[in-house]
Amino acid sequence: MSEATKTRGDNTAGNSEHNTPIASRAATPAGSRSLSKSRRQQAKEAIKKPFSTAKSWVKSKMGDGPREGGGVGSGGVDVGRASAGFDQAGEGAGVSNPSATSSKKTWAIVAGALKKTLSGAVPFIPDPFKGPAEALVKVIDVFEQAKSNKEGMEDLKMRCNLLNESMAHAFNRRQDGGEEDLYESIGRLVKGIHDILLDTMVEYSTGVAGYVLVEDNAESLKEANRKIDQVLQRFSLENFIAGALVLSDVHRIVKDQEATADRRFKKAALKELKPVPGAAYNSQDLTKISACFEGTRVKLLAGVGRWMSDPTGKPIYVLDGIAGIGKSTVAKTVAQRAAAIDSLGASFFFSRDHADRQHASSFVHTIAYQLSFCDPSYGEAIATCIDEHPESLHTVMAQQFSALVAQPLCSLLEQRATPLVFVFDALDECTQPDASDILSLIINSVSKLPQVKTGS
């Protein structure tokens, strides 16, 4: 692994805590800057107003379509002007299907709200992302001129709506502090979608920046939708861990990602595993460890969320510091939030005060057992491995991990849109035989799993 990056944690107990992303993220862009209180307020209004006014209008008028020349209030979207854009393009005029007309006019409101949201956010987005944000405003115009009503186009329009909602909801949640991290996150989201959409467009004129959507290429649109889904899901993962999104927002953003149908998947072979039940983040043994209060550890959790969602980031994040400053509280918070959005693979909280949680012998069994209930397909693969290689249950730890976790799950993990996170706490309290075996396993084996991030 390359060199680690050390940064200070947002620690209410003092400045002795460090977080070390061995799975390091990119350095903060040079263009980012601290915002004054007045500029923060301007940014909030710029993002919140067009979203809230347009959203409430669409909700109340979706069945009837906008009124000609109507509006949605000061700072909102001019409904008549937005709708007229379709008529000028030959899209809204003469359409006999009322639902089709409503759909097109609804998109006009969504597009107008998205452009206003982006325009309001551009001045506050860090410089590396400012250009793509400004360009995306122009790209939305291409959508408004689209003459196709194909399923792929409607999906793209829906995802632009989700982009707008994602930004607005995240900003609504971030009331005090953390705006700089949020603006960087929005910048990355906007740039990602901008780049994807440009790949789905072709230039039809030279000298003048004119583009059209590749509407007739169904596969191109399908691939664009898939990539936008991934970008939105990473954004939701990052900001849910940071506390800038609530669970209902995440479910809206990742609604195409079906929830696990059967979390009680069982097979006889799994009974051969000997897990430590009290090691999981939500076990009765850990009730004395509370999660972070809302609004605390904002910068630290934002950093963890950014690391988790970064597809190019390295796989291990180490939070270190003196005893008693709340490392276990942060670990439990990350595990709790990751589990809420089906992104937790396994957790193990070591403790020198509990015999079974200070021993390394059941570590792999515990991980494999928790993974088997994380997803039915994982459980099926692990159970099959146990049936075919029962001796692997009793081999040394590295061989156990390879046989029970790595080999059966690698191909399944590669299919994930967002990473699966493992949370391990208090490795220094593993005294039987010692923590070095666990650390070696994490570095040499756990970190090699595809689409897996490990925090400890």
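Residue D249 is buried, its relative accessible area being 9%; buried here means under 20% relative accessible area, exposed means over 50%, and partly exposed lies in between, with a 1.4 Å probe and protein chains only. The model is predicted, so local features need pLDDT of at least 70 and side-chain atom pairs count only at pLDDT 80 or more, while totals for chains, interfaces and linings use all residues. Residues are numbered from 1 along each chain as its sequence is written, and side-chain values use heavy atoms, with hydrogens and water left out.

D249 belongs to helix α8, which spans residues 247-253. Helices (H or I, at least four residues) and strands (E, at least two) are DSSP runs, numbered from the N terminus. In sequence D249 and E165 are separated by 84 residues, yet in space their C-alpha atoms are 8.6 Å apart.

The account now turns to the strands. Strand β7 (residues 420-425) is mostly covered, since six of its six residues are buried. In a regular strand the side chains alternate between the two faces of the sheet. In β7, L420, F422 and F424 lie on one side and V421, V423 and D425 on the other, and all of them are buried. Strand β8 (residues 452-455) has V452 and T454 pointing one way and K453 and G455 the other way, and all are buried.

Two strands are said to pair if DSSP finds at least two bridges between them. β6 and β7 run parallel and are joined by five bridges; F349 has D425 of β7 as its bridge partner. β7 and β8 also run parallel, with four bridges joining them. Within this pairing, V421 is opposite K453 of β8, and V423 is opposite G455 of β8. Strand β5 (residues 316-320) pairs with β8 in the parallel sense over two bridges, and Y317 stands opposite G455 in β8.

Together, β7, helix α14 (residues 435-444) and β8 form a right-handed β-α-β unit. A crossover is called right-handed if, with the strands pointing away from the viewer, the path from the first strand over the helix to the second runs clockwise.

Helix packing can be followed in another part of the chain. Two packed helices are described by the angle between their axes and the distance between the axes. The axes of helix α5 (residues 151-173) and α6 come within 10 Å and cross at roughly 175°. Here axes are lines fitted to C-alpha atoms, for helices over the stretch in contact, and angles run from 0 to 180 degrees between N-to-C directions. The crossing makes α5 roughly antiparallel to α6, given that angles under 35 degrees count as roughly parallel, over 145 as roughly antiparallel, 65 to 115 as roughly perpendicular and the rest as oblique. The residues in contact (heavy atoms within 4.5 Å) include L156, L163 and M167 of α5 and L182, Y183, I186 and L189 of α6.

Charged side chains complete the picture. Side chains of opposite charge can pair when their charged atoms come close. A salt bridge is a side-chain nitrogen of Lys or Arg within 4 Å of a carboxyl oxygen of Asp or Glu, and by this rule the count comes to eight salt bridges.

Helix α6 (residues 179-199) holds both R188 and E184, four residues apart, about one turn of the helix. These two form a salt bridge whose closest N and O atoms are 3.9 Å apart. R188 counts as partly exposed at 27% relative accessibility, whereas E184, at 5%, counts as buried. In helix α4 (residues 127-144), K130 and D127 are three residues apart, also about one turn of the helix, and their salt bridge has its closest N and O atoms 4.0 Å apart. K130 is buried at a relative accessible area of 17%, and D127 is partly exposed at 46%.

A further salt bridge joins the side chains of E429 and R352 (3.8 Å, N to O). E429 lies in the loop between β7 and α14 and R352 in the loop between β6 (344-349) and α11 (363-374), so the pair ties together parts that are 77 residues apart in sequence. R352 is partly exposed, with 48% relative accessibility. Finally, salt bridges link D181, K299 and R306 in a network.
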